[in-house]
Amino acid sequence: GGWRTTGGASMSFLIRLPFDRYERDAFSGFKPGPFSTGTARAAMWLAQVSYEDEFAKQDKILEQWGIKRLITYNRPFPSVLPMPSTGGFIARGHDTVFIVFQGTDPLLLANWLSDFDFLPNRLGVHQGFHKALDVVWSDIAATLEQLKPIPRLMITGHSLGAAVAALCAQRIMEESEITPEAVYAFGMPRIGTPEYAA
């Protein structure tokens, strides 16, 4: 066991970091409950790890923080745009399950373009972000079901990944008995209409 992956894609050099640039104490301020800067810092580092495409490196980084990756996903999804995909992972540690979404790689044009598939669907949600969650939803739902009971659930992501993280939290609340404790979103674009936001 350890990890499994679905699909696969490579990320560009602009968004990966050398191993020694990952702060060993990234989770020193992590704590459950309402917003804390220590938890935000930990979430930021998790979002950064989602950009790494070498599983051994990803696992080594997470291990130093006391976290184990359970599933990695990276799936293309159908769109009028060329080959967009959703990437990220689910991990566990610190009595918490983490769902992490990868953001936009500036060198992968398809990801940039998915940000602009902006027409709202019937729910008032940005179609591109909605499709990005749909393509990995079965992986997420199945993994959460296997992990029950879940003490705490935290969801995070950057850019496109932040938008998908927010939609994921909403869908988890609508379709399961799990309530995420927090969503830490970094550089999140608007995900829906003002009516949807309300």
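The following exercises, with worked solutions, concern a predicted model.

**Exercise 1.** Determine whether the end-to-end distance of helix α4 agrees with its number of residues.

*Solution.* Helix α4 covers residues 127–147, which gives 21 residues. The expected span is 1.5 Å times one less than the number of residues, so α4 should span 30 Å. The C-alpha atoms at its ends are 29 Å apart, and this agrees with the expectation. The helix also has a bend of about 50 degrees at Val136. Val136 is among the buried residues of α4, as are Val135 and Trp137.

**Exercise 2.** Classify the aromatic pair formed by Phe27 and Phe30, and state whether each residue is buried or exposed.

*Solution.* The whole structure contains 8 aromatic pairs. In the pair of Phe27 and Phe30, the ring centres are 5.3 Å apart and the planes form an angle of 45 degrees. Planes under 30 degrees apart count as stacked and those over 60 as edge-to-face, so this pair is tilted. A residue is buried under 20% relative accessible area. Phe27, at 7%, is therefore buried, and Phe30, at 13%, is buried as well. Both belong to one aromatic cluster, together with Tyr22, Trp45, Trp65 and Phe98.

**Exercise 3.** Identify which helix gives the most residues to the lining of the second largest pocket.

*Solution.* The second largest pocket holds about 160 Å³ of space. Its lining includes His130, Leu133, Leu167, Arg171 and Tyr196. Helices α4 and α5 (160–175) each supply at least two lining residues. The largest contribution comes from α5, with 5 residues.

Note on methods: Residues are numbered from 1 along each chain as its sequence is written. This is a predicted model: local features need pLDDT of at least 70, side-chain atom pairs count only at pLDDT 80 or more; totals for chains, interfaces and linings use all residues. Side-chain values use heavy atoms; hydrogens and water are left out. Helices (H or I, at least four residues) and strands (E, at least two) are DSSP runs, numbered from the N terminus. The bend at a residue is the angle between axes fitted to the seven residues ending there and the seven starting there. Buried means under 20% relative accessible area, exposed over 50%, partly exposed in between (1.4 Å probe, protein chains only). Rings of Phe, Tyr and Trp (its six-membered ring) pair if their centres lie within 6.5 Å; planes under 30 degrees apart count as stacked, over 60 as edge-to-face and the rest as tilted. On a 1 Å grid over the protein atoms alone, a cavity is a set of points where a 1.4 Å probe fits but cannot get out, and a pocket is an open set with protein on both sides within 12 Å along at least five of seven lines; lining residues have an atom within 4 Å of a point. Grid points are joined across faces, edges and corners, and a volume is the space filled by probe spheres set on the points.
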